[in-house]
Amino acid sequence: MLKKWIWVILSIVAVLFAYAFLKYRLIDIPFLADQVKEWLIAAGLVLLIVRLTRRAWFVRTNLVRKLHGFGLWMLALSTTAAMFPLSENLRPESSKAVQVLSVTFFHTVLGLGVLIASLLLLLLLKELVFVQRTRRTELQFRILLAALFLNILFVMIAGPEEKIHMPASFTFDSPNLFHVLLVLVSVLVGFRNKWIHYLNKKSKLSIFFAGNAVFIFFLTQYASLPRFLGPIGTSAETAVSGIAIVTAVYSGMALAAILIHLPSAGLMDRKMREVKSFQELSAVLGSDLKKETLVAKIPVLANPMVDADIAWLELEEDGEFHVVASYRRGNASMDIPPEAMRRRCREEVLDQRKTVLMNDLSKCVKGHSDVPFPGSLLAAPVASQTGILGILFAMKSVPFGFVEESQGLFQAFANQAAISLENVHLVEQSIKQQMAEEELRVAHDAQMRLLPQRMPSVRGFDIDGLCVTANEIGGDFYDVIPVGSGRVDLVIGDVSGKGAAAAFYMAEFKGVIQTLVSHFDSPKDILTEMNSFLRKQCDQDMFLTMVYAILHPSRRTLRFARAGHCPVGLIRGRKLSWLEPKGLGLGLVPDRLFRSRLVETRLTLKPEDVLFFYTDGLTEARNPVREEFGEERLARLLAEAQPSTAQSLVRTVADRVDAFTENEPRHDDITMLALRTLPAKKTKTG
Amino acid sequence: MERFEIETGGTHAVSVVYLKGYLDAHTAQEFERALQDLVGKEKVHIVVNCAGLNYISSAGLGVFMGFIEDVRSRGGDIKLAELTDKVFRVFDLLGFPVLFEIFQREADAVAKFKKP
């Protein structure tokens, strides 16, 4: 940037000094005729102007500063002209040395200054003309330059007598075609003042008044500007007078345009605020994904957009609308109207499903004459594809406070707000899902740790269990507890419900059972105690099914009770029988009723008998055509299995279920527990 | 996702809830809301018609348990009607017939409310 400037100034200085020296024969180059020198400087000037205007200057300067610059240079030029009123003063009269000094100072330094200032004016003017440029703007500016150059060319050909006569009092002394052309093109370019739209009301006012002062001063002085360049040459003189005319026309037209725009300046400001509100909302959307902050910001942005006294947002939750955020303009003395009135407005919006404008609330809200509420109201549905999320309100204390045109904008804003809210909702959901997955993983781990890690070895028996977990926690569990003194307890259970809560209950029940085993020695007692615990400690809709069995290995006797759980399969020889003694699920009914309905079964096991416990996840496992594995299929499988070990039985069943369900996702845990009496001979060796 | 539908009908005196499809941990909430709705309106004479119900999980059964005491304390009842064999088996294993009156036909359940 700095380099560019140095280049510009150096070239201007070089051209002008060269010219001045040539002109006043400070360096005598005899073979160069005056005429040729004039032509050379004219060509240099044109090249300079072309070169300068091709580049973009003041790229990083904002509009107001450009305008200030423009005005200041106009002021500087006018002041210079006013300070040196008579061109005669500049004429050299005394000795050669003084002549040379005064010539170099007045004719070169002042001339140089005026030329530089004029060129800067031209560049600044170009920047203003080019605000929101189009192809046409560029073309018009080129035509303007061409008109300027034509004038220079004309003066060079026709001689100094035909130089532009500055119309000091808006009259042309002796107009020629090219002067008229320049003025006409200037008028054309004068219409390129879109930058006025970007000034706010305050700037418009200040620029209008300050600009007028500068403009009038400039008009009184600009006619005498070219004479500074006169001694240098007619081409420079013409260039400066051309630029001065263009500047005068352009600034005059711009000031007139500002005057025209002044009454609507407030409106323009509002439009700008509207645009800004929109931009801010998108910014909030991008940066803030917290619902609370977003919700709070919506009325804050909506309020200035429609110039309301108060704005508020109501969001729907379970069919009810609640005010979640509001914003009141600093000096407004309004409150959110009472619920009865808001309901009436809401109904209107929900009915029409678009923005509603109520110009006079006292007439619109009938039946609420007890609350004489003057004012006007705008209400827009905040709707996404899934439905109406809420309603955005804006209110003014005066009737007819809003214009019809605001409706579309207000609705657009509400739509944008809806998108933002929806986005926030989606993000929240995805975070929730992540948390749920994490919770699931933790619960899975907990569930696996609750199951017995190793089967205790029981003399004369072979026990094995298996739990195939579902995608979700199913709440299944089993346990084999060596109690001591020739007793082993087997338990299998299924907690109602799913998820982490089920896994949590599982852990709790395991603890409760561990405590109960040492105090009670009948399945009926233990289950009744469990029922009592569930009734007291757990939710009403939560229950548990369980089979509790107590095995005395030495006597080969087994007592068990079934609390609402799946039946127990007894495989004896090649026959399967389902044992299904009566019993209610745990936690369903009070202890007395529970106990009275619970039947304890007593079995004496024979060698190679197998008892098979399972949870409903096994029989309810489904294949791709929604068919359940079912009790019958299980019964056939168990009867034909002829297992050599408990482990092989649970494996076989698990494999069969796997083959049956194919790739269907598992909905529930599948849990099995098998107890096999070893053949008689083995008990001796074992 | 399994399909589950729920419809509420019946007369002013007796509400009938029709369950269709798979009532599991995911769809149980829908059933819960329907019952909540009825209880909220003090409509506590409820018949649940399970003719279209293909499957009920423990979470689904839990919904019945969650409401029965509340409904009975308000002087109402939940009666079950038209259960398929498979669904009845689940209710039966758990011992639900002790807790709930189960009818072959919806009309019988409704009639039971009228003359207890």
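Colleague: Okay, it's up on my screen. Which residue stands opposite A:Tyr548?

Modeller: That's A:Ala561, which sits in β10 of chain A. Keep in mind that this is a predicted model.

Colleague: Noted. How many bridges pair β9 and β10 of chain A?

Modeller: There are 7 bridges, and the two strands run in the antiparallel sense. β9 covers residues 544-552 and β10 covers 557-563.

Colleague: And what's the strand order in the sheet of chain A?

Modeller: Going across, you get β7-β8-β9-β10-β13, an open sheet of 5 strands with antiparallel pairing. β7 (476-482) and β13 (600-604) of chain A each have a single partner strand, so one side of each has no neighbour in the sheet. On average, neighbouring strands are turned by 15° against each other, ignoring direction.

Colleague: Which helix packs on that sheet?

Modeller: Helix α15 of chain A, residues 523-537. α15 touches β9, β10 and β13 of chain A, and its direction makes about 150° with that of β9.

Colleague: Switching topic: α19 of chain A. Which of its residues are buried?

Modeller: A:Ala646, A:Leu649, A:Val650, A:Val653 and A:Val657 are buried. They cover an arc of only 95° around the axis, so they lie on the same side of α19.

Colleague: Why would residues with that kind of spacing point the same way?

Modeller: An α-helix has 3.6 residues a turn, so residues three or four places apart point the same way.

Colleague: How far apart are the end C-alpha atoms of α19 in chain A?

Modeller: They're 23 Å apart. α19 of chain A has 16 residues (646-661), so at 1.5 Å a residue it should span 22 Å, and the two values agree.

Colleague: Is A:Gln642 buried, exposed or partly exposed?

Modeller: Partly exposed, because A:Gln642 has 14 C-beta neighbours inside 10 Å.

Colleague: Okay, chain B. Where does B:Glu42 lie?

Modeller: In the loop between α1 (28-40) and β3 (45-56) of chain B. B:Glu42 isn't a glycine, yet its phi is positive, about 60°. B:Glu42 has 10 C-beta neighbours inside 10 Å, so it counts as exposed.

Colleague: What pattern does chain B follow along the sequence?

Modeller: β-β-α-β-α-β-α-α-β-α. That gives chain B 5 helices and 5 strands, and buried residues make up 46% of its 116 residues. For chain A the count is 20 helices and 15 strands, with buried residues at 37% of 686.

Colleague: Last one: how many residues of chain A are in contact with chain B?

Modeller: 18 residues of chain A, in contact with 15 of chain B. Those on the chain A side divide into 6 nonpolar, 8 polar and 4 charged.

Technical notes:
Residues are numbered from 1 along each chain as its sequence is written. Chains are lettered from A and ligands numbered from 1 in the order in which they are written. This is a predicted model: local features need pLDDT of at least 70, side-chain atom pairs count only at pLDDT 80 or more; totals for chains, interfaces and linings use all residues. Two strands pair if DSSP finds at least two bridges between them. Helices (H or I, at least four residues) and strands (E, at least two) are DSSP runs, numbered from the N terminus. Axes are lines fitted to C-alpha atoms, for helices over the stretch in contact, and angles run from 0 to 180 degrees between N-to-C directions. Two residues are in contact if their C-beta atoms, placed from the backbone, lie within 7 Å. The expected span of a helix is 1.5 Å times one less than its number of residues. A residue is buried if 20 or more other C-beta atoms lie within 10 Å of its own, exposed if 12 or fewer, and partly exposed in between; C-beta atoms are placed from the backbone. The arc is that of the directions from the helix axis to the C-beta atoms. Ala, Val, Leu, Ile, Met, Phe, Trp, Tyr, Cys and Pro count as nonpolar, Asp, Glu, Lys and Arg as charged, and the others, Gly among them, as polar.
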